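Me: I would like a close look at one part of this model. Please focus on the salt bridges.

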Amino acid sequence: MLNLLSFWRLNLHFFLVCTLKAMFLAFLVLIAPLQAGEDARLPTLGHSGSYEVSVHQEHWLGQAWLRQFRAQARLKHDPVTQYYLEDLLQGLATYNPALEIQQLDVLLVDQPRLNAFAVPGGVVGVNTGLWIFAVNEDEFVSVLAHELAHISQRHFARRLEASRNLQWSTMAGLLAGILVASQGHADAGIATIATAQAANIQSQLAWSRSFEQEADRVGMETLTAAGYSPHAMPRMFEHMQRLAQLSGRAPEFLMTHPLTQNRIADAFSRADQSGEADRVTHGLSYELLRLRQVFAQYPQPEEAWSFLRRQTLSDAGRLYAQLLNTPDADAAEVLWQSLLEAEPEHLILQYLRIEWLMQQQRLETAESLLEDWLRVMPDSASFLWLQAELAQQKQDWDRARRTLQRLSQLRPRDPFIWFYLAEAAGMSDQRVLVHQARAEYFQLTGRLSQAANQMELAMSTAQTEQAPWARIAALRERQRELQSLRERLEQTGF
């Protein structure tokens, strides 16, 4: 890891090489406003006309950052968890009236550390470590509500207005992390950024306390409006503080969101003043997916089970945890029957059941159950994904391609779908679609030159194969759209 003091001694030439692109990326990764002072006046909630950076500009900055992050970070490919998280955040956003973003981009980051972050333009990232740490759904949601508040309150735009006199030297530690990440070491880069910011908590690069308190307040209002107890937020703060005291190291979330006794006391006071009773929301969907992440996190199932023994689980949650800790298929089947009798219509449980059957190579049973659910929910992205995976297992590549094409229509901004669609298209000898899917995958992961090359190949292949005129016209139109997208993204400085 680069030492901050030694980094300051780097020569002027190094800073000239660090382009405006890196500076924007550093700003966006951290969303770290300059200290505005404890008595900073906060503008009217949701008033977008007060800032030099418009909501439209924030959107494109966020889209540029999103593509850079996807290219560098390790994302978790877990469709059922990803789709649940998206639905949860999108639903929560409806209870924040100041949020001007209509559609959020949600990142599930494969990192065991406790963290979540928000980026201007409606990008929200959640580390898998947050699922491990937040035992209950309401505590998990309290963190999401806080991050949505940073977006709705335009903290990035307000921080930019306060940073007009920013000096290059103050960006040194942050740029170090960006440069590490740009060399293909995303984890080390993110850690360097967090360390640099932690070392500057009392300096200009720290989150301003006023912004954090505002995010707490607006987040708590969102939490309460969505039907959760406002007490979940101060409970989560206390858990984080206890973790920092026990481990001797603050969670990543606290490095970018400094937690003080005054902030905790203020959150407790606001929760008490709400008049709402302190109740805990467990939520079976959240519990099942959390257990899934816990068992994925630990190297051995016995370690995960030992971790969970100290926690309160619902009857269904305990059965599922036992199932995940049971290597014997017959014993697991008994547990499945008990689970399904208790929760016969629970969709996430049905997904997990079909997935387990596929893992046990009971493909015909899995396919029968899957077809039953798809007749009822033909546009379910979760079940369609299972159908594509099942077709791949059976090496029915044409069916896998058709299903993935359907998914790409439902979720055109999902890079994982385009990645696997390119593979299925190749295995089913659909050469034009191979290049087209690769182009979409590359543009979603920040490789815009490669995306343009793949669209050129798609066009030339379609012409060579004498594809129908409508197909060639559609490809040409998409080529123009991607070129326009590239120009817009390049205008952001990335």
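Is Asp 372 buried, partly exposed or exposed?

Reply: This is a predicted model. In it, Asp 372 is partly exposed, because its relative accessible area is 36%, between the 20% and 50% cut-offs. Its partner is Arg 375. The two side chains meet in a salt bridge, 2.3 Å from N to O. Arg 375 counts as exposed, at 60% relative accessibility. Both residues lie in helix H20, which spans residues 363-376. They sit three residues apart, about one turn of the helix.

Glu 477 is partly exposed at 35%. Arg 480 is partly exposed too, at 48%.

Now take Glu 333 and Arg 353. They form a salt bridge, with the closest N and O atoms 3.0 Å apart. This pair links distant parts of the chain: Glu 333 is in helix H18 and Arg 353 is in helix H19, 20 residues apart. Glu 333 is buried, with a relative accessible area of 18%. Arg 353 is buried as well, at 6%.

Salt bridges can also join into a network. Glu 364, Glu 367, Glu 371, Lys 394 and Arg 399 are linked in this way. The count for the model comes to 29 salt bridges.

Key: Residues are numbered from 1 along each chain as its sequence is written. This is a predicted model: local features need pLDDT of at least 70, side-chain atom pairs count only at pLDDT 80 or more; totals for chains, interfaces and linings use all residues. Side-chain values use heavy atoms; hydrogens and water are left out. A salt bridge is a side-chain nitrogen of Lys or Arg within 4 Å of a carboxyl oxygen of Asp or Glu. Helices (H or I, at least four residues) and strands (E, at least two) are DSSP runs, numbered from the N terminus. Buried means under 20% relative accessible area, exposed over 50%, partly exposed in between (1.4 Å probe, protein chains only).
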